[in-house]
Amino acid sequence: MTTTRRTILTGSLAAGALLAAPALVRAQTKLIRVGLIPSEDSRAMLESSAQLLAALQKNLGIPVQGFVASDYNGVIEAMRSNHVDVAYLGPFSYVLGTTVAAIEAFATAETAKSSRSFYRSQIIARKDSGISDWKDLKGRTFAFVDPSSTSGHLFPKAGLMKLGFDPEKDFGRVLFTGSHDANALAVANKRVDAATIADRILDAAVQKKLVDRADIHVVWESDPIPESPTCWRKNLPEDLKANIKSAFLNIRDITWADQGKLNRFVETNDQAYDIIRETAKVLKLDLTKMK
């Protein structure tokens, strides 16, 4: 481990907040450490994850401690070094993590907003655009969201490539708008002929009246994209892993960081993220640069 990595991990571990009821501390020596996505500063991330950590501690009956590293690699390294037992990672960062650490996905969150643990990438066009399917995109103006966006760039680009469409050459003009809502508006206002969008964000854009569903046609849709996984170290004792899984699956109706309101956690496995691996392979992605 490099000096820089040691510094990162030392700082991130120090950022952990122990949630331990006195009665449990008195009787227990075990401790579960949970690594959290560094989407906010350490204090804010721990505060926004307080309901999750408290629910886990209650369900497990042992102290639970949250840790926030400075980046995804810090969380992965903490798991590899046995400093963290369980972690919440993005789909691409999880797949990267499995290549350098013995970790395994076991649960994923079901948000109240979508009531599901997956989503889809779509390509939309106006019905009056003359675009009826992906073949009609050739020579057209097109909008992606952001180069690092899973559903706004990576999945639709790989999907088109697998169909024999070359996104680098076959579009007439390509732009990146920076947001899914901007893509919806670009299509609705005829700034582009077609654009990418996450299905749940298209639904929200319709509800917000940014676009009229009657005017929009979906010309391509991805297979289900799994939501961000919660994973554990494979070398944890099997009885402890069973208890951790049960603790997550028995959580109901909490608010958690940028996930918002959660209905529950549902079981998943490593194979559910093969679609991420396949997409990375098609695009020849360097996963170390993915979030």
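In which crossing, left-handed or right-handed, does H4 pass H10? The model examined here is predicted, so that local features rest on pLDDT of at least 70 and side-chain atom pairs count only at pLDDT 80 or more, whereas totals for chains, interfaces and linings use all residues. Residues are numbered from 1 along each chain as its sequence is written, and side-chain values use heavy atoms, with hydrogens and water left out.

The secondary structure of the protein comes to eleven helices and 15 strands, where helices (H or I, at least four residues) and strands (E, at least two) are DSSP runs numbered from the N terminus. Of the 291 residues in the protein, 49% are buried; buried means under 20% relative accessible area, exposed means over 50%, and partly exposed lies in between, for a 1.4 Å probe and protein chains only. Among contacts in the protein with a separation of 6 or more, 77% are accounted for by residues 24 or more positions apart, a contact being heavy atoms within 4.5 Å.

The opening question is answered by a right-handed crossing of H4 past H10; a crossing is right-handed if the near helix is turned clockwise from the far one by less than a right angle, and left-handed if anticlockwise. Helix H4 (residues 50–60) and helix H10 (residues 238–249) pack at an angle of about 125 degrees, with their axes 9 Å apart. Axes are lines fitted to C-alpha atoms, for helices over the stretch in contact, and angles run from 0 to 180 degrees between N-to-C directions. H4 and H10 are therefore oblique to each other, given that angles under 35 degrees count as roughly parallel, over 145 as roughly antiparallel, 65 to 115 as roughly perpendicular and the rest as oblique. On the H4 side Leu 52, Leu 56, Asn 59 and Leu 60 meet Asn 243, Ile 244, Ala 247 and Phe 248 of H10. By class, this contact of H4 with H10 holds six nonpolar, two polar and no charged residues; Ala, Val, Leu, Ile, Met, Phe, Trp, Tyr, Cys and Pro count as nonpolar, Asp, Glu, Lys and Arg as charged, and the others, Gly among them, as polar.

Ile 244 and Phe 248 are also, with Ile 32, Leu 89 and Phe 265, the residues that touch the most other members of the largest nonpolar core, which has 60 residues. Such a core is a set of buried Ala, Val, Leu, Ile, Met, Phe, Trp, Tyr and Cys residues joined through side-chain atoms within 4.5 Å. Apart from neighbours within four places in sequence, Phe 265 is in contact with residues including Leu 52, Phe 248 and Trp 256. A second, separate core of 14 residues includes Ala 143, Leu 175, Ala 188 and Val 211. Val 211 is in turn one of the residues in contact with Ala 205, together with Asp 181, Ala 184 and Leu 210, when neighbours within four places in sequence are left aside. Ala 205 is placed in helix H9 (residues 199–207) and counts as buried because its relative accessibility is 0%.

The contact is made by residues including Leu 154, Phe 155 and Met 161 of H7 and Ile 275, Thr 279 and Leu 283 of H11; its residues divide into eight nonpolar, one polar and two charged.

Helix H5 (residues 72–80) is largely enclosed by the rest of the structure, because seven of its nine residues are buried, among them Tyr 72, Glu 77 and Met 79. Most residues other than glycine have a negative phi. Asn 82, however, has a positive phi of about 65 degrees although it is not a glycine; Asn 82 is found in the loop between H5 and strand S4 (86–88) and counts as partly exposed at 39% relative accessibility. Lys 284, likewise not a glycine, has a positive phi of about 55 degrees; Lys 284 is placed in the segment after H11 and is exposed, with a relative accessible area of 76%.
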